[in-house]
Amino acid sequence: MAEPISAVPDSSAAEPAIKEELEPVPEPAPAAGSKWLESQNIDPRVLDLVYWKDPKVTGGVFGGLLVLLLSLTFYSVLSVVAYLILALLTVTISFRVYKNVLNAVQKSNDGHPFKEWLDQDINISTDTLNKYSDKVLSRVNCITNDVRRLILVEDLVDSVKFAVLMWLLTYVGAWFNGMTLMILALVGAFTLPKVYELYQPQIDQYVGMAKEQIDGVVSKVKDKVPLLKKKEE
């Protein structure tokens, strides 16, 4: 007795599912904070560090800078620099002696172990110096003009805001010293961009709510104090 012929499955029914599986997953849009940082002409290598693109590299740089700042809180700058150079010399001299002994035992001539680094050109070109000096000069001029405008009360509202900020900084200065602020700034630079990238919707929501409250208070103060109203252009 002949066996019944089984129906051939229709492959067209499975095609939509296969196409859906093969469709590329769209990459998430970059956070607004990352767009702002990129617009500041910051070196892409710095952006990779603060966004932890390579955790090993970022961890090494962050840990090294943190140890350096913590060392400066307990020792003088001269002592820290001297200890760092001594530690570096200990490593390089030990490695050089080890390679010389190894070459003598194996009767080989591998050359200087640091030849690759010795041959690298570390001179700063005139173009590079002019490029960065122009950027620094532009920032300095911008800050100088802003400070002059605020101190000479070109706009009363902005000058009052600046005075309030300076008053708050007096309390910050009483609570923390300069080195502590540098450590906090370092920790913030390596944590806040990544935290904002991960929790952007929630942070934007709360920041928006706070901004609305502040704008409401400022608006009420301006209504009650006519002198704080900006002149219409």
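Here are legends for close-up views of this predicted model.

**View 1. Helices α4 and α5 pack against each other.**
Helix α4 covers residues 55-74 and helix α5 covers residues 77-106. Their axes sit 8 Å apart, at an angle of about 135 degrees. Angles over 145 degrees would count as roughly antiparallel and 65 to 115 as roughly perpendicular, so this pair goes down as oblique. As for handedness, the α4 and α5 crossing is right-handed.

**View 2. A look at who touches whom between α4 and α5.**
On the α4 side, pick out Leu68, Ser71 and Leu72. Their partners in α5 are Val77, Val80 and Leu84. Sorted by type, the residues of this contact come out as five nonpolar and one polar, with no charged ones.

**View 3. Phe62 and Phe190 make an aromatic pair.**
The count of aromatic pairs in this model is seven, and here is one of them, Phe62 with Phe190. The ring centres are 5.0 Å apart and the planes make an angle of 35 degrees, which puts the pair in the tilted class. Phe62 belongs to helix α4, while Phe190 belongs to helix α9 (residues 178-198). That pairing ties together distant parts of the chain, 128 residues apart. Both Phe62 and Phe190 are buried.

**View 4. Phe95 and Tyr98 pair up within helix α5.**
This aromatic pair is tilted too, with 6.5 Å centre to centre and 40 degrees between the planes. Phe95 and Tyr98 are three residues apart in the helix, so about one helical turn separates them. Phe95 has a relative accessibility of 35%, so it counts as partly exposed.

**View 5. Trp52 has a positive phi in a loop.**
The loop in question runs between α3 (44-50) and α4. Phi of Trp52 is near 55 degrees, and this residue is not a glycine. With 27% relative accessibility, Trp52 counts as partly exposed.

**View 6. Val153 is another non-glycine residue with a positive phi.**
Look for Val153 in the loop that sits between α7 (126-151) and α8 (156-175). Its phi is near 55 degrees. Val153 has a relative accessible area of 41%, so it is partly exposed.

Technical notes:
Residues are numbered from 1 along each chain as its sequence is written. This is a predicted model: local features need pLDDT of at least 70, side-chain atom pairs count only at pLDDT 80 or more; totals for chains, interfaces and linings use all residues. Side-chain values use heavy atoms; hydrogens and water are left out. Axes are lines fitted to C-alpha atoms, for helices over the stretch in contact, and angles run from 0 to 180 degrees between N-to-C directions. Helices (H or I, at least four residues) and strands (E, at least two) are DSSP runs, numbered from the N terminus. Angles under 35 degrees count as roughly parallel, over 145 as roughly antiparallel, 65 to 115 as roughly perpendicular and the rest as oblique. A crossing is left-handed if the near helix is turned anticlockwise from the far one by less than a right angle, and right-handed if clockwise. Contact means heavy atoms within 4.5 Å. Ala, Val, Leu, Ile, Met, Phe, Trp, Tyr, Cys and Pro count as nonpolar, Asp, Glu, Lys and Arg as charged, and the others, Gly among them, as polar. Rings of Phe, Tyr and Trp (its six-membered ring) pair if their centres lie within 6.5 Å; planes under 30 degrees apart count as stacked, over 60 as edge-to-face and the rest as tilted. Buried means under 20% relative accessible area, exposed over 50%, partly exposed in between (1.4 Å probe, protein chains only).
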